[in-house]
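This report looks at a ligand site, a pocket and a few individual residues in turn. Please keep the sequence and the 3D view at hand while reading.

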Amino acid sequence: MKFEPEKPPLTGETLDSLTLRLKEQGEPAFRARQILEWIYKKRARSWDDMSNLPKSLRAWLADTFDLSPATLVLGKQSLDITDKLLLELRDQSLIETVIIRAPQDGVGLEHSRKTICISTQVGCAMACAFCASGLAGLKRDLSAGEIVAQLLQVCYREDARTQRARSELASFDNIVVMGMGEPLANYDALIRALTILNAEWGLGFGARRITVSTSGLVPKILKLADVPLGFRLAISLHGATDEVRDRIMPVNKAYPLEKLIPAIRAFSENHGRMVTLEFILIEDVNDALDQAVKLSEIARDLHAHVNLIPYNSVEGLPWKRPSLARQERFVRILEEARVSVTLRREKGHDIDAACGQLRLKTERDRAAVS
Ligand code: SAH
């Protein structure tokens, strides 16, 4: 599913593709670097800002490319310092980008760990039973330019927020591809966007600080295992047996654990780095002791890190998070099995930061007024 905009976003161009387009126009090759520098380093918000480009070239660029395919419609800041950006695309689709600031003990906000969470699709086709993003199915894939534009919106917001003239994207610790959508179902746009994000002529963000999260599309995990790009991988496991995964994640029917686990192993062996297994704790679904024991076995076998996430309830869905005591009991079993494990402290609950929920609410509000 693709959306063909009137003009392609400039943020989807690589140095090579832009150089080629300019060459066809009879422009010298160095112009491509100049233009990308305006966008990513100097944060130009209009073509006219690009003062060292000839006027005729600026006019051609304006006719040919869309400078900002995503506009900010709502920025919500929660009490626990999660920023949620609701962005509108050219076809009025809504996507979410989230900034999470986790304060370190004893130091101010300026020293908090900062993570950006980006989306790769409008809606999602995976239909995980607990997730708000998939409730209305997949609307469409994002283009590479739309994925990159989310990070520019974060830059604009940070530039305005901090006193410094321009804050660096590098001041963020991590970028996680864990927003709306299944990133590996939009593989080509994802890889192109990550390339632009990582490139020195682009946003210059280190590949090792970028994590792609998947619900378990095995053929794409294997494809990624063969690409030496250096990005990290997280797997949304959420069940340590097929029985539990089948119940909450339809993807498990096509790619059950006997296929998923070897694919994860191939990725971590080829890349020589630890994969993260994400496990949302949902009451009476996957929080029993036998799940913790089986999860320990899988994690040890794969030398994987386990990230436990207490479930964020979604309006209209029946699932709940387990009590703190049950969460802690689950963690202890993994710790006793010497598995590397973290229990994520919740961020952004008060502004519907869980996957897809702000968009869902806005779509519902729009439907109510139209
Ligand atoms: N499709 C990808 C990435 C997007 S979802 C994936 O499945 O990994 C990002 C993470 O948020 C996934 O682990 C997903 O299972 C989790 N998630 C979805 N809804 C949630 C909720 N209500 N509470 C907690 N985590 C949730």
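A polar contact is a pair of N or O atoms within 3.5 Å. The model shown here is a predicted one, and the distances and areas below should be read with that in mind.

## Contacts with the ligand

With that cut-off in place, a backbone N or O atom of T214 is found 3.5 Å from an oxygen atom of the ligand. An oxygen atom of the ligand also lies 2.6 Å from a polar atom in the side chain of H238, while a polar backbone atom of N312 is 2.8 Å from a nitrogen atom of the ligand. On its own the ligand would expose 540 Å², and 93% of that area is buried by the protein. Two elements, strand 8 (210-214) and strand 10 (276-281), are those that contribute two or more residues to the shell around the ligand.

In total, 18 residues surround the ligand, and the closest of them are G181, S213, S236, H238 and N312. Sorted by class, this shell consists of eight nonpolar, eight polar and two charged residues.

## The second largest pocket

The second largest pocket holds about 510 Å³ of space. Its lining is made up of 25 residues, of which K2, F3, P9, S143 and A144 are the closest to the centre of the pocket. The elements giving two or more residues to this lining are strand 6 (138-141), helix 4 (144-161) and helix 5 (187-198), and helix 5 supplies the largest share, with four residues.

In terms of class, eleven of the residues lining the second largest pocket are nonpolar, four are polar and ten are charged.

## T11, ahead of helix 1

T11 belongs to the segment that precedes helix 1 (15-24). Is this residue, T11, buried or exposed? T11 has a relative accessible area of 1% and is therefore buried, given that the term applies to values under 20%. A polar atom of the T11 side chain lies 2.8 Å from the backbone oxygen of G145.

## Two residues with positive phi

R43, which is not a glycine, has a positive phi of about 55 degrees, and R43 is placed in the loop that runs between helix 2 (30-41) and helix 3 (55-64). Because its relative accessible area is 8%, R43 counts as buried.

D284, again not a glycine, has a positive phi of about 60 degrees, and the loop that holds D284 lies between strand 10 and helix 10 (289-302). Here the relative accessible area is 58%, so D284 is classed as exposed, a term used for values over 50%.

L317 sits in the loop between strand 11 (305-310) and helix 11 (324-336). Why is L317 classed as buried? The relative accessible area of L317 is 19%, and the class of buried residues covers values under 20%, so L317 falls within that class.

L317 and F130 are 187 residues apart along the chain, yet their C-alpha atoms are separated by 6.9 Å.

Methods:
Residues numbered from 1 in each chain as written. Predicted model: local features only at pLDDT ≥ 70, side-chain atom pairs only at ≥ 80, totals over all residues. Heavy atoms only, no water. Near = heavy atom within 4 Å. Polar contact = N/O pair within 3.5 Å; in protein donor to acceptor, adjacent residues only side chain to side chain. Areas by Shrake-Rupley, 256 points an atom, 1.4 Å probe, with all protein chains shown as cover. Nonpolar A, V, L, I, M, F, W, Y, C, P; charged D, E, K, R; others polar. 1 Å grid on protein atoms, 1.4 Å probe; cavity = no way out; pocket = protein on both sides within 12 Å on 5 of 7 lines; lining within 4 Å. Points joined across faces, edges and corners; volume = space filled by probe spheres on them. Buried < 20%, exposed > 50% of the residue type's maximum accessible area, 1.4 Å probe, protein only.
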